[in-house]
Amino acid sequence: MLHGCSAPFIAVCVAALVEGGPPLLATLVFVSGMVHVALSRQLALLHRVFTPVVTGTVIMLLPVTIMPIVLRMLNEVPAGAPAAAVPLSACVTIAAATGIHLKGSPGIRLWAPVVGLAAGSAVATLVGISEFGGVAEAAWVGLPEGRPPGLDLGFGPAFWALLPSFVFIALVGTTKAVGVAVATQRVSWRKPRAVDFRSVQGAVAAEGGGNILASLVGGLPNTLHPTPIATIETTGVASRSVGLFAGLALIALACFPKLVAVIVGIPDAVVAAVIIVTLCTLFVVGMREVVTGSRNNPRSGLIAGLAVWAGIAIEFDLVFPDFFNDFAGGLLNNGMTAGGMLAILLVGLTMPRAARFRGRVDVRELPRINEFIRRFARGAGLEALIGRMEAAAEETLLMLVEARGTEEEQEDDAARSRRALLLTALREKGHAVLQFKATTAGQEELNLQDRLAWLGDETGSELEEQAISLRLLRHLASSVRHQQYHNVDIVTLKVAAGRPEGSRR
């Protein structure tokens with residue numbers, strides 16, 4: 001996952017430069033990076049906000065906000081160039097890259113963007129719109145000019161006036177980072193797997209760390225770029241080594257001006273054409289995320305639809321442009337920001353009220369849990385589901401406790417019994433939704449959702465009693481979702497009357 005300049009920050013960064021110069025901007029960027037790091041540690045608290053509907057909506061809006069910039073690049077014609085030069089170069093680029101994507105083997109598809117750039121640049125040179133004249137004049141080796149501005153630690157009125165805007169946009173950036181990290185996992189695995197939210201926390205923390213480093217050298221805030229998602233989807237390559245080489249390439253670009261001159265010399269129309277090809281699949285990735293999270297839930301589909309169309313309308317100044325350009329300093333005139341915040345707002349407003357039980361991750365809590373379930377079921381009119389709910393809750397609690405057999409692990413029983421547990425229950429379309437939120441035990445356990453999906457392929461090394469518990473849970477719950485964070489495990493069960501569809505004896 002690559003970082004680049006964050007567009008939503010540009011307006012407030014300009015204001016910071018006007019009010020206090022580079023030192024004030026560096027200080028505010030540093031604080032926004034710390035906000036990212038803090039949010040990454042407490043991401044589990046926002047799990048009800050960062051739902052698949054919200055993250056999918058943000059992903060769908062990412063190409064919407066990028067496309068206007070790309071299309072403007074596509075329409076830029078150098079002075080004196082033939083009228084057909086730019087369209088011809090762009091069409092050759094798109095044809096070469098798309099042709100390789102559609103017809104090439106997996107190994108050849110890796111080179112589709114490079115081939116598209118090479119083909120388009122060659123045509124651009126032939127028709128006279130290339131800009132490679134500065135390559136010969138550029139030095140081979142050099143260092144970036146300038147010096148770090150330092151931090152403004154005076155914390156004057158300008159700092160406090162701009163701080164809320166930077167913190168708010170950092171929250172928006174966290175929403176985007178979560179969406180990009182989730183989508184990256186979705187397209188990276190050969191077989192479907194549950195999202196590892198510990199990695200998502202790492203991605204958000206890395207974004208914050210990147211912004212802290214950017215502030216120390218006088219850079220602008222950065223954000224995760226969605227382009228690699230589309231690249232992984234089209235090439236099938238998600239190796240971490242790609243990220244390592246990308247980082248080395250960026251360092252090389254900073255120290256080798258001649259390489260920068262080659263990249264800058266590529267005509268805008270050719271670059272835009274390659275970006276268009278890679279972004280075409282990004283909207284579909286977000287749509288898949290929304291569909292996965294809103295299956296059999298038309299309310300979630302409506303939220304995503306409203307947020308996407310609101311983001312499109314605001315991005316292209318189709319509704320109340322004067323108001324949104326002036327409101328909060330133009331904070332919501334970005335389609336991704338406005339659509340993402342609308343999705344979060346609608347999810348929060350439509351979130352049903354849940355009954356709550358607080359206790360410990362301990363089998364001795366089962367009587368209290370069963371009493372809580374009976375009270376909830378009677379109040380919600382779900383008496384017929386009491387037996388299934390109690391059995392599903394018992395199996396889930398046993399999975400969270402994960403009793404061990406060795407003496408060393410038995411010594412940790414007292415520590416594990418102190419783990420806090422929050423159980424919530426709510427009625428949804430005649431079903432019961434139980435959510436277990438437990439502090440982690442300190443060990444890296446396999447995701448329960450994945451264990452259920454792989455149950456048919458278990459090996460003899462798996463304990464027989466664990467396999468039985470998994471089969472019972474799959475029979476009792478129509479759906480199971482397990483979100484693993486570094487400090488919290490969240491297991492969500494949907495319990496319906498009758499035999500769940502797709503369950504096996």
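At what angle do the axes of helix H3 (residues 85–103) and helix H11 (residues 268–279) cross? In this predicted model, the two axes cross at roughly 35° and come within 8 Å. The crossing of H3 and H11 is right-handed. On the H3 side, the residues that meet H11 are Val 86, Ser 89, Ala 90, Thr 93, Ile 94, Ala 97, Thr 98 and His 101. Their partners in H11 are Ala 269, Val 270, Ala 273, Val 274 and Val 277. Thr 98, which lies in helix H3, has a relative accessible area of 27% and is therefore partly exposed. The C-alpha atoms of Thr 98 and Arg 109 are 9.4 Å apart in space, and the two residues are eleven apart in sequence.

The secondary structure of the protein consists of 21 helices and seven strands. Of its 505 residues, 45% count as buried. The protein exposes about 25,200 Å², and 64% of this area comes from carbon and sulfur atoms. When contacts between residues at least 6 apart in sequence are considered, 77% of them join residues at least 24 apart.

The largest nonpolar core has 43 residues, and Val 200 and Ile 229 have the most contacts inside it. At least two residues of this core come from each of helix H2 (52–74), helix H6 (157–188), helix H7 (197–216), helix H8 (227–235), helix H12 (282–293), helix H13 (298–315), helix H15 (335–349) and strand E7 (488–495). The most are given by H2, which supplies eight residues. With residues up to four places away in sequence not counted, Ile 229 touches Val 180, Ala 183, Thr 184, Val 187, Leu 282 and Val 285. A second, separate core has 31 residues, including Phe 372, Leu 400, Val 401 and Leu 476.

Five strands form an open sheet in the order E3-E4-E5-E7-E6, with antiparallel pairing. At its edges are strand E3 (355–360) and strand E6 (479–484), each of which pairs on one side only. From one strand to the next, the twist averages 15°. In general, the strands of a sheet pair through backbone hydrogen bonds, in either a parallel or an antiparallel manner. Here, E3 and strand E4 (residues 420–428) run antiparallel and are joined by six bridges. Within this pair of strands, Arg 360 stands opposite Ala 420 in E4.

Two further residues illustrate local surroundings. Lys 258 is located in helix H10 (residues 257–265). The residue is classed as buried because its relative accessible area is 11%, and the cut-off for this class is under 20%. Apart from neighbours within four places in sequence, Lys 258 is in contact with Val 135, Ala 136, Ala 138, Ala 139 and Trp 140.

Phe 155 is found in the loop between helix H5 (112–126) and H6. Its relative accessibility is 39%, so Phe 155 counts as partly exposed. The phi of Phe 155 is near 50°, a positive value in a residue other than glycine. Most residues other than glycine have a negative phi.

Notes:
Residues are numbered from 1 along each chain as its sequence is written. This is a predicted model: local features need pLDDT of at least 70, side-chain atom pairs count only at pLDDT 80 or more; totals for chains, interfaces and linings use all residues. Side-chain values use heavy atoms; hydrogens and water are left out. Helices (H or I, at least four residues) and strands (E, at least two) are DSSP runs, numbered from the N terminus. Buried means under 20% relative accessible area, exposed over 50%, partly exposed in between (1.4 Å probe, protein chains only). Contact means heavy atoms within 4.5 Å. Accessible areas come from the Shrake-Rupley method with a 1.4 Å probe; for residues, only the protein chains shown count as cover. Two strands pair if DSSP finds at least two bridges between them. Axes are lines fitted to C-alpha atoms, for helices over the stretch in contact, and angles run from 0 to 180 degrees between N-to-C directions. A nonpolar core is a set of buried Ala, Val, Leu, Ile, Met, Phe, Trp, Tyr and Cys residues joined through side-chain atoms within 4.5 Å. A crossing is left-handed if the near helix is turned anticlockwise from the far one by less than a right angle, and right-handed if clockwise.
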